[in-house]
Amino acid sequence: MIDPYQALGVAKGASDKEIKSAYRKLAKELHPDKNKDNPKATERFSDVTKAYDLLLDKEKRGQFDRGEIDGEGNPTAPFGFGGGGGGYQRSPGGQQHDFGNAGADFGDIFEGLFGGGGGDSSPFGGRQRSAPPPKGANVAYRLKVEFIAAATLQKQRITLEDGKTIDLSLPKGVEEGTQMRLSGKGRQGPGGNGDAIVTIHINSHPFYKRDGDNIRLELPISLKEAVEGAKIKVPTVDGPVMLSIPAGSDSGKTLRLKNRGFHGKSGVRGNQLVTLMIILPKKDEKLAEFVKDWNPEENPRAGMGV
């Protein structure tokens with residue numbers, strides 16, 4: 001039976017940030033795409049994914065820390081005792097097998113002492129209960145999403161292990177490593193189907209860069225556009241828009257296009273931050289002749305003390 005803290009290699013008091021960092025490192029190392037001939041790595045990847053999912057769920061993490069559930073998320077024996085070998089045992093194939101509950105039901109002991117009872121009797125006067133049948137194993141998937149699709153929350157199609165396809169709606173706040181749980185889409189088991197756990201990987205883009213919920217873009221402009229100002233077409237994840245360049249703009253000046261970034265968890269959308277980059281022509285004899293005799297009085301490095 002896995003211990004989620006040991007599976008991820010983190011301390012019991014680890015923060016969410018530390019847990020995410022440990023998971024991303026292990027997921028990259030153990031992913032089935034990189035270990036097609038290594039079933040042990042695939043099994044460990046599944047363990048790591050389950051551990052990550054449990055520890056980021058505050059309620060389940062608290063239950064595990066208190067001994068109310070095990071590393072698989074299943075209820076433990078009363079008061080955290082295993083009770084003579086009852087509960088669940090993990091097989092090499094990753095499935096769970098129910099070996100019954102050979103230990104005493106302490107809740108029913110108290111019922112017997114204080115006038116409760118009924119049902120099948122035990123040597124202690126209480127009832128013995130069998131553990132619920134386990135669900136099937138969860139199945140881990142890795143979904144690559146294009147940068148623009150992630151920013152605009154375009155639906156993504158994924159093919160499951162059984163060959164069925166599902167159109168996923170990306171959640172607000174989606175980012176690298178975001179996990180989506182598809183209830184009942186895992187493998188079959190005596191107690192019902194497990195879940196599908198989809199981990200999102202966002203592909204990089206040739207000229208957009210993510211900065212939190214904002215998107216940064218370095219925009220090339222001509223010297224004429226920088227000096228005189230201009231209205232130019234600018235690419236965004238939602239399609240091109242017109243942007244006004246103020247006259248006398250310098251390279252490095254940043255302009256903002258509101259609500260053109262990623263969708264945040266709160267529902268508020270980030271912005272696109274456009275940084276101007278003046279590009280000089282490689283060969284322009286008129287420009288070269290002009291600057292040859294041009295001696296501006298202003299020192300552009302005066303603020304640096306030189």
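**Phe262 and its surroundings**

Tutor: In this predicted model, Arg210 lies over the face of Phe262, at 3.7 Å from the ring centre.

Student: Is Phe262 buried or exposed?

Tutor: Phe262 is buried, with a relative accessible area of 1%.

Student: And how are the rings of Phe147 and Phe262 arranged?

Tutor: Their centres are 5.3 Å apart and their planes stand at 85°, so the pair is edge-to-face. Phe147 belongs to helix H6, while Phe262 sits in the loop between strand S12 and strand S13, so the pair ties together parts that are 115 residues apart in sequence.

Student: Which residues form the aromatic cluster?

Tutor: The cluster consists of Phe147, Phe207, Tyr208 and Phe262. Within it, the rings of Phe207 and Tyr208 have centres 4.9 Å apart and planes at 65°, so that pair is edge-to-face; Tyr208 is buried at 3% relative accessible area, whereas Phe207 counts as partly exposed at 40%.

Student: Switching topic, which residues of H2 are buried?

Tutor: Ile19, Ala22, Tyr23, Leu26, Ala27 and Leu30 are the buried residues of H2. Seen down the helix axis, they fall within an arc of 130°, so they line one face of H2, and on the other side Lys17, Lys25 and Lys28 are exposed.

Student: What do the buried residues of H2 pack against?

Tutor: They pack against helices H1, H3 and H4, and also against strands S6 and S7.

Student: What about the largest nonpolar core, how many residues has it?

Tutor: That core has 36 residues, and those with the most contacts inside it are Val198, Ile200, Leu219, Val234 and Leu243. A second, separate core of 20 residues includes Leu30 and Val48.

Technical notes
Residues are numbered from 1 along each chain as its sequence is written. This is a predicted model: local features need pLDDT of at least 70, side-chain atom pairs count only at pLDDT 80 or more; totals for chains, interfaces and linings use all residues. Side-chain values use heavy atoms; hydrogens and water are left out. Buried means under 20% relative accessible area, exposed over 50%, partly exposed in between (1.4 Å probe, protein chains only). Helices (H or I, at least four residues) and strands (E, at least two) are DSSP runs, numbered from the N terminus. The arc is that of the directions from the helix axis to the C-beta atoms. Contact means heavy atoms within 4.5 Å. A nonpolar core is a set of buried Ala, Val, Leu, Ile, Met, Phe, Trp, Tyr and Cys residues joined through side-chain atoms within 4.5 Å. Rings of Phe, Tyr and Trp (its six-membered ring) pair if their centres lie within 6.5 Å; planes under 30 degrees apart count as stacked, over 60 as edge-to-face and the rest as tilted. A charge sits over a ring if NZ of Lys or CZ of Arg is within 6 Å of the ring centre and within 35 degrees of the ring normal.
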